[in-house]
Amino acid sequence: MSLKKIVILFSGEGSNLENIIKKLHQKSVIVVAAITNNPQAKGIEKAKNLGVDVVVIDHKEFDSRESFDAKLVKTIQDFEVELTVLAGFMRILTPIFTDHIKAINIHPSLLPLFKGANALERSFASEMKVAGISVHEVITELDAGKIIMQKCFDKSNMDFDTFKKRIHECEHELFPNAVLEMLAAH
Ligand code: GRF
């Protein structure tokens, strides 16, 4: 049976991108490409080193969110993937994207808490004793789609660096499983 195809979108460091490629590529899925809006993204090198093609679509070259999204949608559709995986993709998406692309996103908080920017910092600073991460379906409303998987941990007495490290460990453990669960369910 042939492996299902996915594409991964990213904007920066690319640790989740790298982790998914290492754990799933050519074993459980084919990562046909990694797409970034940021020509300086550190993840570009990581994907290339693991043999995955990178497509740069620089949002600064577009005069509106809609025209950027249209290019993104066309690029993804041309790859004929089953699922689009947002791994640290730092762009607000319009219905041009969300109406046409089945996508999941990882967010560094226990949604519906701490939606949007600086979620990690706000979650750390909160009075809550637990924190965590969520993988959810992408809809037009930011970080509001159906929750697919979550993982939480006790954050009491953690300093910020330990907290951040724990968030990334949880993301790296959970996200590949969420990708596989989504692919199996659809
Ligand atoms: C992750 O913390 C993710 O939850 C958020 O952006 C970060 C991306 O990190 N959406 P990386 O680029 O995968 O290292």
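Visitor: Is Ser-123 buried or exposed?
Guide: The model is predicted, so local features need pLDDT of at least 70, side-chain atom pairs count only at pLDDT 80 or more, and totals for chains, interfaces and linings use all residues. Residues are numbered from 1 along each chain as its sequence is written, and side-chain values use heavy atoms, leaving out hydrogens and water. Buried means under 20% relative accessible area, exposed over 50%, and partly exposed in between (1.4 Å probe, protein chains only). With a relative accessible area of 2%, Ser-123 is buried.

Visitor: In which helix is Ser-123 found?
Guide: Helices (H or I, at least four residues) and strands (E, at least two) are DSSP runs, numbered from the N terminus. The run that holds Ser-123 covers residues 119-125 and is helix 5.

Visitor: With which residues is Ser-123 in contact, leaving aside its neighbours within four places in sequence?
Guide: Contact means heavy atoms within 4.5 Å. By this criterion, the partners of Ser-123 beyond those neighbours are Phe-114, Ala-131, Lys-155 and Phe-163.

Visitor: Which strands stand at the edges of the sheet?
Guide: The sheet is open, with mixed pairing and seven strands in the order 3-2-1-4-5-6-7. Two strands pair if DSSP finds at least two bridges between them. Each edge strand has a single partner strand, so one side of it is left without a neighbour in the sheet; these are strand 3 (54-56) and strand 7 (147-154).
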